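Let's take a short walk through a protein fold together.

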Amino acid sequence: MTHQNTPHTWLRRKGEPDCVLLLDVTVSPCPGLRVSVPARLRYYRADPYAVHLDCHVDLEEPITWLFARELLVVGLEGWAGVGDVTIRRSTADEDLLAIALSTPGQTAVLHTPAGPVREFLELSHRLVPVGTEHRYLDTGGMLRRILVEAGDPEKFE
């Protein structure tokens, strides 16, 4: 497996993530079979509470899951999440993180080394310390987008 932590904070273009972790995850679709899936974690200061997990980044349109940054933090130490995304240390290997992604009728459990994920989170915490996330939210911009989508942008002016 190849794992790279590639922060782009000094070369970032508009809209690019503030930190990125490229990694291969393994999935076991059936007993005895392991499949490697290229994946990526992304973190944006402008969306400070969230982490984006892109699976199949080798495809033109990766599959993206969005969940709380805190979910990764808690999952590194124990069990985190209820519902579509749960994260925990692997029962088979304590050095692995198990990320379960569920849709109606299906669940995929991705395994990846915990160390690089921990480093990714540490970098995100240096960029946006825990408890300061609200300072990075553009609430005016979010409200403008909501009003535009609702068809009445004048209400905000």
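A nonpolar core is a set of buried Ala, Val, Leu, Ile, Met, Phe, Trp, Tyr and Cys residues joined through side-chain atoms within 4.5 Å. Here, buried means under 20% relative accessible area, while exposed means over 50% and partly exposed lies in between (1.4 Å probe, protein chains only). What you see is a predicted model, in which local features need pLDDT of at least 70 and side-chain atom pairs count only at pLDDT 80 or more, while totals for chains, interfaces and linings use all residues. Residues are numbered from 1 along each chain as its sequence is written, and side-chain values use heavy atoms, with hydrogens and water left out.

**The nonpolar core**
- The largest nonpolar core has 31 residues, and Leu 53, Phe 67 and Leu 72 touch the most other members.
- Strands E2 (19-30), E3 (33-43), E4 (50-55), E5 (63-68), E6 (85-89) and E7 (96-103) each supply at least two residues of this core, and so do helices H1 (69-77) and H2 (114-127).
- H2 gives the most to this core, with 6 residues.
- Leaving aside residues up to four places away in sequence, Leu 53 touches a set of residues including Ala 39, Trp 65, Phe 67, Ile 99 and Leu 110; contact here means heavy atoms within 4.5 Å.

**The overall plan**
- The protein has 3 helices and 8 strands, where helices (H or I, at least four residues) and strands (E, at least two) are DSSP runs numbered from the N terminus.
- Reading from the N terminus, the order is β-β-β-β-β-α-β-β-β-α-α.
- Of the 157 residues, 38% count as buried.
- Among contacts between residues at least 6 apart in sequence, 33% join residues at least 24 apart.

**Helix H2**
- H2 has 14 residues and reaches 20 Å from its first C-alpha to its last, close to the 20 Å expected at 1.5 Å a residue; the expected span is 1.5 Å times one less than the number of residues.
- Among the buried residues of H2 are Val 117, Phe 120, Leu 121 and Leu 127.

**Strand E8 and its partners**
- Two strands pair if DSSP finds at least two bridges between them.
- E7 and E8 pair in the antiparallel sense over 8 bridges, and Leu 96 stands opposite Pro 113 in E8.
- The hairpin of E7 and E8 has 2 residues between the strands, and Gly 105 takes a positive phi near 90 degrees.
- E8 (residues 106-113) is also joined to E2 by 2 bridges, and these strands run antiparallel.
- The bridge partner of Thr 26 in E8 is His 111.
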